[in-house]
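Hello,

Here is the structure for you to look through. My notes follow below it.

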Amino acid sequence: MTIIEILLRLHQNSYYFFAIILFIIGFHTMLTHNNLIKKIIGMNIMDTAIFLFFVAIGYIRGGRAPILEPGADHLYVNPLPSALILTGIVVAVSITAYALSLIVKIYQHYGTIDAEEIMRLRGGETL
Amino acid sequence: MSAATHLPALVIVVPLFFAYLMPLFARWREGWSTVTALGVLAFSFAGSLVMAWQVMAYGPFSYQMGNWPPPWGIELYIDYLAVFAALTMTGVGLIILVYASKDLPHELKPHLLGWYYTLYLLLMASMVGMALTNDIFNLFVFVEICAIAACGIISIKGSGECLEAAFKYLVLSALGSGCLLLAIALIYMVTGHLNFTFIAQALPEAMRLYPNNILAALALLLVGIGVKAALFPLHVWLPDAHSSAPSPSSAVLSGLVIKIYAVALLRLLYQVFPASLFEVTPVMTILLWMSTLAIVVGSMFAIVQEDIKKMLAYSSVAQIGYVFLGFALLDVSALMGGILHIFNHAMMKAMLFLAAGAFIYSTGVRKLSDLVGIGRTMPIPTIAFTIGAMAMVGIPLTNGFISKWYLVLGAIHGEQPFFAGVILLSSLLNGIYYLPIVVNAFFSEPHGAVAEPKRLPPQMQVPLAVLGFACLLFGVAPSLIMGLVSRASQALFGL
């Protein structure tokens, strides 16, 4: 396969490609940063990547929103992934809200939001 | 249409509905929320019993949510494995809740009691939902409810340690959910279905056309569910989370929550993914070695613990290894052992955590070395602890023996005797950390706070006695549950 062909295929699947890149960025941020807020930001980037991936599955080039008009013969996109992702977004929002409220409480207790600092205060192993 | 036909939906929806009313009940009259929560769980348990009877008498059946037939609607599929899991969750959950009704006022601020029941009922509803559902996206939604409620019942105590443990659990759990959702996306992409039955039909063809998609989905599923079920290298969140939580929460998290993910993975591996997939990838071998490491390393970590609840938490890491070992040996008896161990370990570990909670309630002592002589001053919790410890080691006449027996049989029958050796070795390791506690509890002189414990209320003694009795009962007469378990594992093997 030549470089041109690879680039062409990447271009055709660009949504998936960028979704995976975003997923890895989020995953990496979530696991390697010590700042608790940054972990949550990483989690959100990861979730967004999955949402992009999921919605891209249902997208058809040139398709329209699936509002059926009698007599008209259009190409429609698949609405199911978008509907599922609405649920996914709600879940991500509630986890983010809960995590942020936990961070507020942790800050009140330890006076820091740095995971290693908290570990040092507790004297346990690192996260 | 009578109410009985809607039973599969009701056992999930009733706890969900009442969960949000709990704080209201708690405000209205003191003690009402406790009684209502108990009533709701008793209803779910009775419903699961009725469904178990229906399944045993007439075979598996399905329920269509809102009368939308699959693949459009959400389908609940009530088979042997589903009723088995639902019975375990609601039954043990009910016993733990009786105990919690007295232990919680001691551990939580009074205005939080109603909210605790909210989280508890949400957790129960989501676990029953995971057991019954036949729709992969519905499974994801229940997984998320379960994750938030499970973190909630840890962090509700509000101490620094709990908050930190809950946060760690939440982050790793969110990671697992992310992997799970991506796996669902990859599966939906190539099959176009969300219903387990339809995915299973479409996968062999998809496997031929897009093998990479399926392999990536399988890997993500394994990681996603592995994190949540605390399978060995992914267990790092468990010890802190399970040891810092209030005792009833520890019991429900260690006894039930990690198991329901194992049930979900079992269903996906055996019923959804085609058998041809396991010839291409060594996924079962990977699971086998992960669970072996879990059994050995978890036990070794447990030996060096000083804190009683931390020791029990590491022991859970080892015990979940048995469950996965049973799944991965690919043998009917081993699978029976693995499924039975879900039920047995739920009872044993719940009992051990509740007994540890009783020690902490009465004496405030958590260190193992300070608990010597406790058997003389607190006989009932210590006897319960002893039964639990013996079941963990797998001494005959306790239920732990039965599940280990089937696992060893499966390992020998499957011509992998090495894993039978692993089970024997781990029984020895279990003995090393459980038996000294029991011996010291009975044959040493109590001193300090242990000598004069606070009186334990009957609501906390009765659950311990019931669980202790059940552990012996299912050890002496395993046939009470084996009928369901053997049919479940035979159905999974398609026999």
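The C-alpha centres of domain 1 and domain 2 of chain B lie 22 Å apart. Domain 1 of chain B covers 1–178 + 229–266, and domain 2 covers 293–495. These bounds come from an automatic or database domain assignment.

This is a predicted model, in which local features need pLDDT of at least 70, side-chain atom pairs count only at pLDDT 80 or more, and totals for chains, interfaces and linings use all residues. Residues are numbered from 1 along each chain as its sequence is written, while chains are lettered from A and ligands numbered from 1 in the order in which they are written.

**Between the domains of chain B**

Here 37 residues of domain 1 of chain B are in contact with 42 residues of domain 2 of chain B. (Contact: C-beta atoms, placed from the backbone, within 7 Å.) On the domain 1 side, helix 3 (32–58), helix 4 (80–107), helix 10 (238–244) and helix 11 (247–272) of chain B each supply at least two residues. (Helices are DSSP runs of H or I, at least four residues, numbered from the N terminus.) Helix 4 of chain B gives the largest share, 13 residues. By type, this side of domain 1 holds 23 nonpolar, 10 polar and 4 charged residues. (Nonpolar: Ala, Val, Leu, Ile, Met, Phe, Trp, Tyr, Cys and Pro; charged: Asp, Glu, Lys and Arg; polar: the others, Gly among them.)

**Between the chains**

The contact takes 27 residues from chain A and 22 residues from chain B. On the chain A side, helix 2 (14–32), helix 3 (36–58), helix 4 (79–110) and helix 5 (115–122) of chain A give two or more residues each. Helix 4 of chain A has the largest share, 13 residues. The chain A side divides into 19 nonpolar, 4 polar and 4 charged residues.

Best wishes

How values were computed
Contact = placed C-beta atoms within 7 Å.
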